[in-house]
Amino acid sequence: ITVMAEEAYGLYDPKKVILYPRKKLPNTIKKGEAINLVSKSGRINGYRVVELHSDFISLDGNHPLAGQDLIFEIEALEARDATPQEIDASLN
């Protein structure tokens, strides 16, 4: 089963990479770390630290799998007939 990136976690959006003032974050922050920031409207947004600069930190708000197609390989190990209840449920 293949799920295209657009239908999975979305395409990678470079606009979701922001520069955030380093002084507003703990000194212990590390590259690759996940953090949450609260927006002015009170919404919590998740980011991943991608780069540490002298005065700013680059934060990426894209999902780690954004821009990637998902491919699932499935193997059926056994099969059975559907029960009458399962058939009824699929018709509704």
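## Close-up views of the predicted model

View 1. Ser-58 counts as buried, at 10% relative accessibility (buried means under 20% relative accessible area, exposed over 50%, and partly exposed in between, with a 1.4 Å probe and protein chains only). This is a predicted model, in which local features need pLDDT of at least 70 and side-chain atom pairs count only at pLDDT 80 or more, while totals for chains, interfaces and linings use all residues. Residues are numbered from 1 along each chain as its sequence is written, and side-chain values use heavy atoms, with hydrogens and water left out. You will find Ser-58 in strand E5, residues 56-60 (helices, H or I with at least four residues, and strands, E with at least two, are DSSP runs numbered from the N terminus). Setting aside residues up to four places away in sequence, Ser-58 touches Ile-18, Leu-19, Arg-48, Val-49, Val-50, Glu-51 and His-53 (contact means heavy atoms within 4.5 Å).

View 2. Strand E3 (residues 34-38) and strand E4 (residues 44-52) run antiparallel and are joined by five bridges (two strands pair if DSSP finds at least two bridges between them). Look for Val-38, whose bridge partner in E4 is Ile-44. The two strands form a hairpin with five residues between them, and Gly-42 in the turn has a positive phi of about 95 degrees. Which residues of E3 are on its covered face, and which on its uncovered one? Ile-35 and Leu-37 are on the covered face, whereas Ala-34, Asn-36 and Val-38 are on the uncovered one.

**View 3. The largest nonpolar core.** Eight residues make up this core: Leu-25, Ile-29, Ile-35, Leu-37, Tyr-47, Val-49, Ile-57 and Leu-59. Strands E3, E4 and E5 each supply at least two of its residues. A nonpolar core is a set of buried Ala, Val, Leu, Ile, Met, Phe, Trp, Tyr and Cys residues joined through side-chain atoms within 4.5 Å. In soluble globular proteins, nonpolar side chains tend to be buried together. Now focus on Val-49: apart from its neighbours within four places in sequence, Val-49 is in contact with Ile-29, Lys-30, Lys-31, Gly-32, Glu-33, Ile-57, Ser-58 and Leu-59.

**View 4. Salt bridges.** The model has three salt bridges (a side-chain nitrogen of Lys or Arg within 4 Å of a carboxyl oxygen of Asp or Glu). One of them joins Lys-31 and Glu-51, with the closest N and O atoms 3.8 Å apart. Lys-31 lies in the loop between strand E2 (17-21) and E3, and Glu-51 in strand E4, so this pair ties together parts that are 20 residues apart in sequence. Lys-31 is exposed at 56%, while Glu-51 is partly exposed at 36%. Arg-48 and Asp-60 form another salt bridge, at 3.3 Å from N to O. Because Arg-48 lies in strand E4 and Asp-60 in strand E5, the pair ties together parts that are twelve residues apart in sequence. Arg-48 is partly exposed at 30%, and Asp-60 is buried at 3%. Glu-86 and Arg-80 also meet in a salt bridge, at 2.8 Å from N to O.

**View 5. A nonpolar patch on the surface.** Ile-1, Phe-72 and Ile-74 form this patch, with about 360 Å² of accessible area together (areas come from the Shrake-Rupley method with a 1.4 Å probe; for residues, only the protein chains shown count as cover). Patches are made of residues with over 30% relative accessible area and no salt bridge: like charges are joined within 9 Å, nonpolar side chains (Val, Leu, Ile, Met, Phe, Trp, Tyr) within 5 Å. Ile-74 sits in the loop between strand E6 (70-71) and helix H1 (84-91). Ile-74 is exposed, with a relative accessible area of 64%.
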